[in-house]
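Please look over the sequence and the structure before reading on.

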Amino acid sequence: MLAGKVIMITGASSGIGEAAAWVCAQHGATVVLVARRTERLRQLAAELRDKGAETAFASADVTCPTEVARAVDLAVERYGRLDAAFNNAGATTVSAPLHETDDADYDRVLDVNLRGVWLCMKYEIRAMLAAGTGGAIVNNSSVAGLRATSMGAPYVAAKHAVLGLTKAAAVQYAPSGVRVNALATGLTRSEMSEEVFARDPAAEERMRRRNPQGRVAHSTEVAQAAAWLCSDQASFVTGATMAVDGGAGAW
Ligand SMILES: NC(=O)c1ccc[n+]([C@@H]2O[C@H](COP(=O)([O-])OP(=O)(O)OC[C@H]3O[C@@H](n4cnc5c(N)ncnc54)[C@H](O)[C@@H]3O)[C@@H](O)[C@H]2O)c1
């Protein structure tokens, strides 16, 4: 499904991003892994190469333009172009009522989840336009991008804004053959959700009950949707928000 594609994945050092690296590689893609934890990326790259995948990694903080630009440059310099990107890096915070939330928490959550996607799209789209071969971008939003959840106002605001960026870019770049879509991801087993469950042990059961399937997704289930949206099988899909949430949005 992805043979010959060069795909950059942010937040690849764990969770959904790591799962996406495996799924994309299994479908024949060359994967460029991006995150801050260099050792994790080095290890994942070695494991992927052991299974026959072509891969490179760039240590980058998605809030830093020069680091994001360097990661995109790595893909282009090493593999000639960037066909697709999964902008997945994200962060949450201790969920507190809005009036008790630290400004520093607000800044951090908006920086990673929104500015990070903004910067990634900016440099990815520049590379795609320069190559002239189109491309596909998938931004990882959340069910919190569609409605208020218990994850805190800054996270809800950032994930809503990611859907806005996705739609604006989809419309702007459709004539250039660049598709831009988003995932409205539901509760998924990862470092992020484990952190939430550790802080609030009742949260897992509470969140499961709000989900018609009554379970937490495996990160691979979300990664599969991202991989499909990156592929040419999704050629007429752009500006869309795909729910991968066990039916939570239907309730
Ligand atoms: N797990 C869930 O239930 C859930 C639900 C909805 C949406 N999401 C979204 O899925 C995405 C992936 O999260 P996950 O659940 O796999 O959690 P995770 O914590 O395992 O993964 C997040 C990744 O982003 C990386 N990251 C964080 N800040 C970064 C930065 N400044 N620069 C570069 N990388 C950075 C982390 O190191 C990590 O690799 C996030 O955008 C999250 O908001 C997760």
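## The enclosed cavity

α4 gives the largest share of the lining of the largest cavity, namely four residues. Helices (H or I, at least four residues) and strands (E, at least two) are DSSP runs, numbered from the N terminus. On a 1 Å grid over the protein atoms alone, a cavity is a set of points where a 1.4 Å probe fits but cannot get out, while a pocket is an open set with protein on both sides within 12 Å along at least five of seven lines; lining residues have an atom within 4 Å of a point.

The model is predicted, so local features need pLDDT of at least 70 and side-chain atom pairs count only at pLDDT 80 or more, whereas totals for chains, interfaces and linings use all residues. Residues are numbered from 1 along each chain as its sequence is written, and side-chain values use heavy atoms, with hydrogens and water left out.

Searching the whole structure gives one cavity of 30 Å³ or more. The space in the largest cavity is about 30 Å³, where a volume is the space filled by probe spheres set on the grid points, and points are joined across faces, edges and corners. Its lining consists of Thr10, Val62, Asn87, Asn88, Ala89, Val112, Gly116, Val117 and Cys120. Five of these residues are nonpolar, four are polar and none is charged. In this classification Ala, Val, Leu, Ile, Met, Phe, Trp, Tyr, Cys and Pro count as nonpolar, Asp, Glu, Lys and Arg as charged, and the others, Gly among them, as polar.

## The largest pocket

The volume of the largest pocket is about 1,100 Å³. There are 50 lining residues, and those nearest the centre are Gly90, Tyr155, Ser190, Met192 and Ser193. Two or more lining residues come from each of α1, β2 (30-35), α4 (103-131), α5 and α6. The largest share is that of α6, with six residues. By class the lining has 19 nonpolar, 20 polar and 11 charged residues.

## The ligand

The ligand sits in the largest pocket, meaning that more than half of its atoms lie within 2 Å of the pocket's grid points. Two or more residues of the shell around the ligand come from each of α1 (15-26), α5 (153-173) and α6 (191-199). The shell has 26 residues, and the closest are Ser14, Asn88, Tyr155, Thr188 and Ser190; a residue belongs to it if one of its heavy atoms lies within 4 Å of the ligand. Eight shell residues are nonpolar, 13 polar and five charged.

Polar contacts are pairs of N or O atoms within 3.5 Å. At Thr188, a polar backbone atom is 2.8 Å from an oxygen atom of the ligand. The ligand alone exposes 820 Å², of which the protein buries 94%; the areas come from the Shrake-Rupley method with a 1.4 Å probe.

## The second largest pocket

The second largest pocket has about 180 Å³ of volume. Residues from α4 and α5 line it, at least two from each. Among the lining residues are Trp118, Lys122, Arg126, Leu165 and Tyr173. Seven lining residues are nonpolar, one is polar and two are charged.

Note on methods
A polar contact is a pair of N or O atoms within 3.5 Å; within protein, one must be able to donate a hydrogen and the other to accept it, and residues adjacent in sequence count only if both atoms are side-chain atoms.
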